[in-house]
Amino acid sequence: MINDVTSIIQYLTLEYFFSDPNDVPEDALWSAYGWQHLLWLFVMAAIIFFACRAMRKADKSTQDKVLKYVAVWIAIQEVIKDLLFAAVGLFTYDHLPFHFCGISIFFSLWYAFRPNELNAAYVYGMSMPGAFCALIFPDWTNYPLIHFSSINSFTIHGELILFAALAVASGRLVPNIKKIPQLFAVIIAMAIPIYFLNKHWGTNFMFINDPSPGSPLMPLYDMFGDGYVIAAAVLMLIVWVILFLPWRKRA
């Protein structure tokens, strides 16, 4: 029992809160699907569940305000993240919001203030499943549990899912399967310049250049090599059809 308590306490230290991951000892790190990871997932799932229940009961004016508040807070959190990393000298190009989930911040803001079927399709078809995959296959396990980057990564991905779930729960976001071609075109249009930014900066935004370790992209990479991006695009289209199809009649 004492050893279990000691094991838990070692993850709660603030000693490495802003440390470079290269300076963090191995025994201070956490692992995917350990109790720390599962606890984060459970807490966020509970928050999203009860928030959606409350959202359904709220009037339209309150729903509008909630969506705007959540979207603005996500954007503010992203700015705070970059400012804090810059202040401690750890900011790199990788922190820029050019991953799918970073781009989702802008689409969430767009939808909150000027909703239309295209940004609704992105919020539902990219933001929500993208953030979900990030939480299930986290790539920030090289940071301690009590590190700003870990806390920010868990919360901001959870908030992106929360925003999409609240929009759906409110009844105003009804995914339209006919928007899949436009959504795919938007992804391609963003991926082209980001591919060249990756080459220039040595980054891996949108995981275009390399798959994220431990993610479902790795088996595709093992099977198709550098062509895994095409396989991932096909897989993405299949997932979209599965996600959008149940809403076809309502749309």
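## Salt bridges

The side chains of Arg-172 and Asp-64 meet in a salt bridge, with a distance of 2.2 Å from N to O, where the term stands for a side-chain nitrogen of Lys or Arg within 4 Å of a carboxyl oxygen of Asp or Glu. This pair links distant parts of the chain, since Arg-172 is in the loop between α6 and α7 and Asp-64 is in helix α3, 108 residues apart. Helices here are DSSP runs of H or I with at least four residues, numbered from the N terminus. The model is predicted, so that local features need pLDDT of at least 70 and side-chain atom pairs count only at pLDDT 80 or more, whereas totals for chains, interfaces and linings use all residues. Residues are numbered from 1 along each chain as its sequence is written, and side-chain values use heavy atoms, with hydrogens and water left out.

Asp-64 also meets Lys-60 in a salt bridge at 3.3 Å, N to O, and because these two residues are four apart in helix α3, about one helical turn separates them. With buried meaning under 20% relative accessible area, exposed over 50% and partly exposed in between (1.4 Å probe, protein chains only), Lys-60 counts as exposed at 57%, while Asp-64 is partly exposed at 23% and Arg-172 is partly exposed at 28%.

The structure holds five salt bridges, and another of them joins Glu-117 to Lys-179, the closest N and O atoms being 3.9 Å apart. This pair, too, links distant parts of the chain, with Glu-117 in helix α5 (residues 117-136) and Lys-179 in the loop between α6 and α7, 62 residues apart. Glu-117 is partly exposed at 41% relative accessible area, whereas Lys-179 is buried at 18%.

## Aromatic pairs

Rings of Phe, Tyr and Trp (its six-membered ring) pair if their centres lie within 6.5 Å, and planes under 30 degrees apart count as stacked, over 60 as edge-to-face and the rest as tilted; by this rule there are 16 aromatic pairs. The rings of Trp-40 and Phe-154 are stacked, because their centres are 4.7 Å apart and their planes are at 5 degrees. Trp-40 belongs to helix α2 (residues 35-57) and Phe-154 to helix α6 (residues 148-169), 114 residues apart, so that the pair links distant parts of the chain.

## Cysteines

With a disulfide taken as a pair of cysteine sulfur atoms within 2.5 Å, the count is zero. For Cys-52, the nearest cysteine sulfur is that of Cys-101, 18 Å away, and Cys-52 is buried at 9% relative accessible area. For Cys-133, the nearest cysteine sulfur is again that of Cys-101, at 8.7 Å, and Cys-133 is partly exposed at 38%.

## Nonpolar surface patch

Val-72, Trp-73, Ile-76, Ile-80, Leu-84 and Phe-113 form a nonpolar patch on the surface, with about 470 Å² of accessible area together, as given by the Shrake-Rupley method with a 1.4 Å probe. Patches are made of residues with over 30% relative accessible area and no salt bridge, like charges being joined within 9 Å and nonpolar side chains (Val, Leu, Ile, Met, Phe, Trp, Tyr) within 5 Å. Helix α3 (residues 60-87) gives the most to this patch, with five residues; Leu-84 lies in helix α3 and is partly exposed at 31% relative accessibility.
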